[in-house]
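I record what I looked up, one topic at a time.

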Amino acid sequence: MRSFHLRTSAMFDGRSATGPTVVTVTDGVISAVQHDLGKLPDDGVPVLDFGVDAFLMPGLIDPHVHLAFDAGTDVVASLSGADDATLVQRMRAAARRALAAGITTVRDLGDRNFLASAVTTGPVPATDLPEILFAGPPITTSGGHCFFLGGIAEGPEELRAAVRERHRRGCHVVKVMDSGGTMTAGTDPEVKQYSRSDLAVIVEEAHALGLPVAVHAHGTDAIADAVAVGADSVEHASFFEAGEVRAPEDLLNAIADSSTVVSITLGTVPGGPTSQLPAFVLDRLDAMFAVYRSLHARGARLTIGSDAGINALKPHDVLPYGVQALSSRGFDTREALAAATSVAATVCGVGHRKGAIVPGADADLLVVRKNPLDDLARLRQVLAVFRAGVRVPDAVP
Ligand SMILES: [Zn+2]
């Protein structure tokens, strides 16, 4: 049995903050959480003391990444030019970069040839990587968004078969492209790719197999369909319609009443080539956040995913910038941290063991230099990262 105590002056447990804390880790799992101890436990177990300012929190969870995209200036060409072995190596490096920044779980929402599975089953110890949940190639239409990843399926029979294949291959989620996207020429983010009944077939088959469904939906009608058929998350949720942002009241209420989580796409490194963000997206951000605040006020569940990898503004450790961006847009810092920990864990189906510092949870932990609730830029001041109780050696200093 391998145990240690970890002492910090304050902690965020996934929902709220507390003062001085001693967390005990045993065999990769949190075995005890104690507060306000006058002195350290005198039980001979090693103590890691990070000093008076250090702040402990659950490792960050990014529910929307693409390990196979290299965050360069032409990610599609770069992916197409790489064979599978090369791609797996790149994906592993991308995953390690995320882990070093304290992102201890990533959910890959679109790879090629189910290669995320190869990343997790390779020769690298599990504690050298974040926990990787994956969708495999996104289900899409012929010529549809990200068709080049290989997930083309159309019509009820092919769609059911595609879902069953993902289940057979160990996927943790089914990803479906129900609108076009900005990176695929010939597709339109406002235009739906599947009928509502086709989408319902995917959700029905996936849920029967115990798999959640994440629906890529920029367009307002695609979002409405995803909610109507009981999708587990709407990715991007841009509410694009007729050249602007449109979110009818009845749709906002339907989202709030549903179990569908809205996954806002956030996080870009400052100072990068801004030409990589389409002008029409930048122009609409204010309107989109007015919608997100309205959803939040109605009680809808919101999380953030970075879409890491898809362009040069989104390296695989970009999520902390997304947390900061959420708070700069009218969410308080505690809500922003929860979005990237406890809420994200629930979205990813691992809420019973991730995203919270409670006995029984995986010891996926992030220690930062000072309290990030006062300034979320401090999320990037990493002191230590633990993955299943093992300290990550190359955490960002
Ligand atoms: Zn994506």
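**Entry 1: the second largest pocket.** I looked up the second largest pocket and noted a volume of about 220 Å³. I keep in mind that the model is predicted. I then asked which residues lie nearest the centre of this pocket. They are His-296, Leu-302, Glu-335, Ala-338 and Val-343, out of 15 residues that line the second largest pocket.

Next I looked up which elements the lining comes from. I found that strand β16 (302-305) and helices α10 (333-339) and α11 (342-347) each supply at least two residues of the lining. Of the elements, α10 gives the most, with four residues. I also sorted the lining of the second largest pocket by class and recorded seven nonpolar, four polar and four charged residues.

**Entry 2: the cavity.** I recalled that rolling a probe the size of a water molecule over the atoms shows where empty space is left. How many cavities of 30 Å³ or more does the structure hold? I found one. For the largest cavity I wrote down a volume of about 60 Å³.

I listed the residues that line the largest cavity; among them are Pro-58, Gly-59, Ile-61, Thr-104 and Thr-105. The list also includes Arg-353, Lys-354, Gly-355 and Ala-356, as well as Ala-361, Asp-362 and Asp-364. By class, I noted four nonpolar, four polar and four charged residues in this lining.

**Entry 3: helices α4 and α5.** I reminded myself that two packed helices are described by the angle between their axes and the distance between the axes. For α4 (residues 155-168) and α5 (residues 196-208), I found that the axes come within 9 Å and cross at roughly 30 degrees. Angles under 35 degrees count as roughly parallel, and α4 and α5 are therefore roughly parallel to each other. I recorded the crossing of α4 past α5 as right-handed.

From α4, I listed Gly-155, Pro-156, Leu-159, Arg-160, Val-163 and Arg-164 as meeting residues of α5. On the α5 side, I listed Asp-198, Val-201, Ile-202, Glu-204, Glu-205 and Ala-206. I counted six nonpolar, one polar and five charged residues in the contact of α4 with α5.

**Entry 4: helices α6 and α7.** I looked up α6 (residues 220-228) and α7 (residues 249-257), which pack at an angle of about 35 degrees with their axes 10 Å apart. I noted a left-handed crossing for α6 and α7. Thr-220, Ile-223, Ala-224 and Val-227 of α6 make the contact with Leu-251, Ala-254 and Ile-255 of α7. In the contact of α6 with α7, I found six nonpolar residues, one polar and no charged.

How values were computed: Residues numbered from 1 in each chain as written. Predicted model: local features only at pLDDT ≥ 70, side-chain atom pairs only at ≥ 80, totals over all residues. Heavy atoms only, no water. 1 Å grid on protein atoms, 1.4 Å probe; cavity = no way out; pocket = protein on both sides within 12 Å on 5 of 7 lines; lining within 4 Å. Points joined across faces, edges and corners; volume = space filled by probe spheres on them. Nonpolar A, V, L, I, M, F, W, Y, C, P; charged D, E, K, R; others polar. Axes fitted to C-alpha atoms, helices over the stretch in contact; angles between N-to-C directions. Parallel < 35°, antiparallel > 145°, perpendicular 65-115°, else oblique. Left-handed = near helix turned anticlockwise from the far one by under 90°. Contact = heavy atoms within 4.5 Å.
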